[in-house]
Amino acid sequence: MADTLHLAADPVELTAALVDVPSVSGAEADLADLVERSLREQTPLEVVRSGNAVLARTNLGLPKRVIFAGHLDTVPVNDNLPSRLEDGVLHGLGTCDMKGGDAVMLNLAATTENPRYDLTFVFYDCEEVEAVRNGLGRIERELRDWLDADLAIVCEPSNAAVEAGCQGTMRIELRTSGVRAHTARGWMGVNAIHAVGEALRRLEGYQARTVDIDGCVYREGLQAVKIEGGVAGNVVPDGCVLTVNHRFAPDRTPEQAEQHLREVFEGFDVTVTDSSAGALPGLHAEAARELVRAAGGTPVAKLGWTDVARFAALGMPAVNFGPGDPTLAHTRQENVPVNQIRQCREVLRRFIGEG
């Protein structure tokens with residue numbers, strides 16, 4: 001591993017250097033050390049460390065501030081390291097999710113001299129694991145003022161398009177109960193697996209909403225994702241659990257989403273096991289409009305859940321903008337076109353401006 005990163009270099013080379021430092025969730029220390037050391041040595045920014053997160057910012061006294069955020073961790077290695085460059089495409093773990101975005105952020109941190117906004121860069125840990133470990137939560141508790149801004153840009157992969165807001169997500173469990181019996185005398189029991197059949201029929205016939213918010217179309221979803229039940233090959237089961245995932249548009253709160261699911265599954269025992277609010281597009285904010293103009297094209301809705309929701313919960317508009325196809329994230333074939341990395345860098349340079 002190199003002693004330092006060349007932050008002002010071609011962001012494609014910087015992406016490859018970041019990828020080649022393993023940083024599976026919980027093991028980001030080496031990469032965080034490298035990022036921290038490089039920022040301290042090559043930029044005039046104020047730099048602080050929080051666990052395996054590194055934060056840097058300008059303090060120019062400008063009237064508005066923009067946050068750029070990107071996570072340093074990846075999912076586990078799947079025979080996809082080190083990186084390799086083939087025909088204008090960079091392959092390897094994290095190329096898409098999201099070392100390309102991190103590289104763009106680092107390059108901007110090192111090369112922007114006269115921005116029109118004060119800038120904050122947040123490189124954080126443990127995004128790919130359970131929410132309680134997410135480094136943004138620790139930063140919010142310990143360094144709250146570092147998360148104050150007029151706009152947050154999360155540089156997750158978005159195919160170099162502005163993806164506004166994000167959908168909320170909720171998981172519920174439907175539990176049914178029955179009576180055990182020998183299958184040779186099945187009429188003496190009550191089959192709990194059969195009892196979820198009605199819930200599955202409701203799911204099969206469910207008509208999901210399509211919601212237009214500020215020109216961004218959010219397509220909701222309701223899917224069975226897991227079913228558990230059974231005792232033995234000759235026993236009528238007395239218990240079954242059906243897990244359902246609901247992706248809901250950001251015009252609904254988690255409380256409203258829960259109420260909707262209880263209506264859909266009226267008559268069933270419903271337990272909410274996980275819930276995260278969505279984020280409204282926030283395209284009304286002046287800084288967001290400036291970003292859209294710099295990027296060109298039409299903003300689209302973020303159909304998944306990302307950490308833009310954390311920033312929205314802090315009272316600021318937030319969008320996703322970064323290189324890479326999000327459908328390749330977490331796959332063995334993860335890759336990013338190098339032209340998207342450079343395109344995102346140039347768009348954000350135009351957005352930041354030179355005042």
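Arg345 counts as buried, because its relative accessibility is 16% (buried means under 20% relative accessible area, exposed over 50% and partly exposed in between, with a 1.4 Å probe and protein chains only). Arg345 lies in helix α9; helices are DSSP runs of H or I with at least four residues, strands are runs of E with at least two, and both are numbered from the N terminus. With neighbours within four places in sequence left aside, Arg345 is in contact with Pro11, Val104, Asn107 and Leu108, where contact means heavy atoms within 4.5 Å. The model is predicted: local features need pLDDT of at least 70, side-chain atom pairs count only at pLDDT 80 or more, and totals for chains, interfaces and linings use all residues. Residues are numbered from 1 along each chain as its sequence is written, and side-chain values use heavy atoms, without hydrogens and water.

Pro11 belongs to the buried residues of α1, which also include Val12, Leu14, Thr15, Ala16, Leu18 and Val19. Seven of the nine residues of α1 are buried, so this helix is largely enclosed by the rest of the structure. Its buried residues pack against α2 (29–42), β5 (89–91), α3 and α9 (338–352).

Helix α1 (residues 11–19) packs with helix α3 (residues 95–111) at an angle of about 125 degrees, and their axes are 8 Å apart. Axes are lines fitted to C-alpha atoms, for helices over the stretch in contact, and angles run from 0 to 180 degrees between N-to-C directions. The contact is made by Pro11, Leu14, Thr15, Leu18 and Val19 of α1 and by Thr95, Lys99, Gly100, Asp102, Ala103, Leu106 and Asn107 of α3.
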